[in-house]
Amino acid sequence: MGLVGILVGLAGLIFFAYRGSSILILAPIAALIAAAFAGYPLLASWTQTFMTNAAGFVAQFFPIFLLGALFGKLMEDSGSVTSIANTMVRKLGAQRAILAVVLAGAIVTYGGVSLFVAFFVIAPMGMALFSQAGVPRRLMPAAIMLGTSTFTMSAMPGTPAIQNAIPMPFFGTTPFAAPGLGIIASLIMFGFGVWWLQRAEARARVAGEGFGPIADHAADRAADDPIVRERATTAREFDPAEIHKSPEAPSGPPIALAALPLVVVIAVNLAMSFFILPRMDVAFLAEPQWGSTSLSAVGGLWSVMVALVCAIITVIAINFRSVPQLRATMTAGANASVLPIVSVASLVGFGAVVASLPAFAVVRDWVLGIEGGPLVSLAIATNVLAALTGSASGGLTIALDALGPSYMKLAAETGLNPELMHRVAVIGAGTLDSLPHNGAVVTLLAVCGCTHRESYFDIVMAAIVSALIALAAVIVLGSQFGSF
């Protein structure tokens with residue numbers, strides 16, 4: 001009966017979340033259904049298991065959610081994201097419209113700008129560029145998804161994405177885990193995705209298909225849609241309802257100044273990870289006052305946090321006079337982080353209740369016993385949980401909360417490098433999380449004024465198939481040569 005309860009609770013969570021119900025309500029109800037089937041005490045399951053683990057996630061990752069949302073909103077309202085995107089459009093031109101949109105999204109998200117900020121800034125520009133070039137509008141969601149939600153989220157070394165930060169406390173790794181494999185995976189995702197989209201564009205031209213009808217004000221409608229908001233906030237770290245809560249500067253800074261905060265994120269992240277933190281005396285972390293922890297457990301998070309703080313200071317210093325309402329921008333950015341982290345924390349609480357049930361031992365043993373070794377089973381676990389929850393960060397945290405210690409034990413027994421497990425876990429979580437019910441997919445389609453029927457197949461090819469190919473390559477190379 002315990003396994004039946006898990007399946008019933010999970011099915012209810014997926015069904016009602018897809019219909020737009022709040023995950024804050026659904027997650028505890030689904031957890032209590034699973035607990036009830038197992039005969040576990042309901043109130044204790046809610047307060048002692050669900051809430052304790054949800055609160056633990058908030059305590060651990062809220063600084064990154066907060067700083068990431070603040071930085072993204074400042075980059076938007078200063079006009080910096082617009083300047084970067086406009087520069088890519090001018091340099092590459094209408095004849096390379098798809099490549100311009102992909103690269104614009106990749107540059108800003110690898111530099112730490114929130115995915116949804118990129119959506120709302122790049123989509124209107126992409127609309128104008130695709131229209132000028134005669135590229136079908138239905139291809140624009142896939143181009144934006146490829147640039148913002150694939151290799152810069154899960155594979156590029158040092159990416160400040162929350163998905164890349166989540167494995168660090170579990171595996172004692174840094175944001176630059178397995179850099180060589182990450183670069184190879186990034187090239188595969190980028191190369192396959194661009195090839196597919198250019199192929200689709202060529203076939204559309206042969207068929208005489210043009211841009212299609214213009215979707216006026218689609219981005220504005222998406223930002224105000226409550227169902228889009230509910231789905232979006234479990235998928236990424238920015239609440240789209242805050243997009244229009246503060247005005248944007250009428251013109252952005254020059255491209256060098258616009259890109260400088262992005263460079264600061266990567267440079268400071270690198271310096272903290274490899275030069276500053278390793279030389280610090282942090283023996284005090286072992287004391288109970290500081291959580292009886294170690295630098296390997298918190299160093300990766302500290303690196304990303306300091307990098308984002310330095311980038312925030314940089315963007316404010318550059319644009320202090322040009323941001324129309326700095327206080328309103330800061331408030332909107334801070335508020336934009338709250339609902340996403342509480343939503344993901346609720347998914348984590350649900351996963352914790354499920355993992356505490358005796359029936360979960362069957363699931364755990366099945367996952368760990370999958371043929372192909374621990375890398376294959378880890379990839380499948382993160383894929384499946386990200387697909388079911390519609391959230392890479394939620395699925396990844398649930399998987400590592402439940403199975404992380406088992407994988408670390410396997411790594412110690414087999415000599416497997418935790419950096420390799422880090423990279424496989426993150427890329428795995430970033431593949432099937434892009435199923436139709438994923439909040440980022442729903443939001444992007446709404447922002448572009450497209451439907452699943454028009455655009456989803458190309459999203460599958462550019463964002464899911466490309467990532468699966470890259471994941472397979474990383475597993476094969478990692479199994480043969482280890483982490484590099």
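Guide: A helix here is a DSSP run of H or I with at least four residues, a strand is a run of E with at least two, and both are numbered from the N terminus. This is a predicted model, in which local features need pLDDT of at least 70 and side-chain atom pairs count only at pLDDT 80 or more, while totals for chains, interfaces and linings use all residues. Residues are numbered from 1 along each chain as its sequence is written, and side-chain values use heavy atoms, with hydrogens and water left out.

Visitor: How many helices and strands does the chain have?

Guide: There are 22 helices and 0 strands in the chain.

Visitor: What percentage of the chain do buried residues make up?

Guide: Buried residues account for 57% of the 484. Buried means under 20% relative accessible area, exposed means over 50%, and partly exposed lies in between (1.4 Å probe, protein chains only).

Visitor: And how many of the contacts join residues at least 24 apart?

Guide: Among contacts between residues at least 6 apart in sequence, 83% join residues at least 24 apart. A contact means heavy atoms within 4.5 Å.

Visitor: How many positive and negative side chains are there?

Guide: The chain has 22 positive and 23 negative side chains, and the centres of the two sets lie 7 Å apart. Lys and Arg count as positive and Asp and Glu as negative, whereas His and the chain ends are not counted. Each charge is placed at NZ of Lys, CZ of Arg, CG of Asp or CD of Glu.

Visitor: Let us turn to helix 4. What does it reach from its first C-alpha to its last?

Guide: Helix 4 covers residues 80–92, 13 residues in total, and reaches 19 Å, close to the 18 Å expected at 1.5 Å a residue. The expected span is 1.5 Å times one less than the number of residues.

Visitor: Which residues of helix 4 are buried?

Guide: They are S80, V81, T82, S83, I84, A85, T87, M88 and L92.

Visitor: Which helices do those buried residues pack against?

Guide: The buried residues of helix 4 pack against helix 3 (42–77), helix 5 (97–110), helix 6 (115–133), helix 14 (255–276) and helix 15 (295–319). Helix 4 is then followed by G93, which has a positive phi near 75°.

Visitor: Where does S292 lie?

Guide: S292 is in the loop between helix 14 and helix 15. Its phi is near 50°, a positive value in a residue other than glycine. S292 counts as partly exposed because its relative accessibility is 48%.

Visitor: And A178, what is its phi near?

Guide: The phi of A178 is near 45°, again positive in a residue other than glycine. A178 sits in the loop between helix 10 (167–171) and helix 11 (179–206). At 0% relative accessibility, A178 counts as buried.

Visitor: Where is the place of S337?

Guide: S337 is in helix 16 (residues 326–356), and its relative accessible area of 0% makes it buried. S337 and P63 are 274 residues apart in sequence, yet their C-alpha atoms are 9.4 Å apart. Beyond neighbours within four places, S337 is in contact with F62, F65, L66, A69 and E237.

Visitor: Is N164 buried or exposed?

Guide: N164 is buried, at 0% relative accessibility, and its place is in helix 9 (residues 162–165). Its C-alpha is separated by 9.9 Å from that of L396, 232 residues apart along the chain. With neighbours within four places set aside, its contacts include H422, R423 and V426.

Visitor: Lastly, which residues does G478 touch?

Guide: Not counting residues up to four places away in sequence, G478 touches L181, L375 and L420. G478 is in helix 22 (residues 452–481) and counts as buried at 4% relative accessibility.
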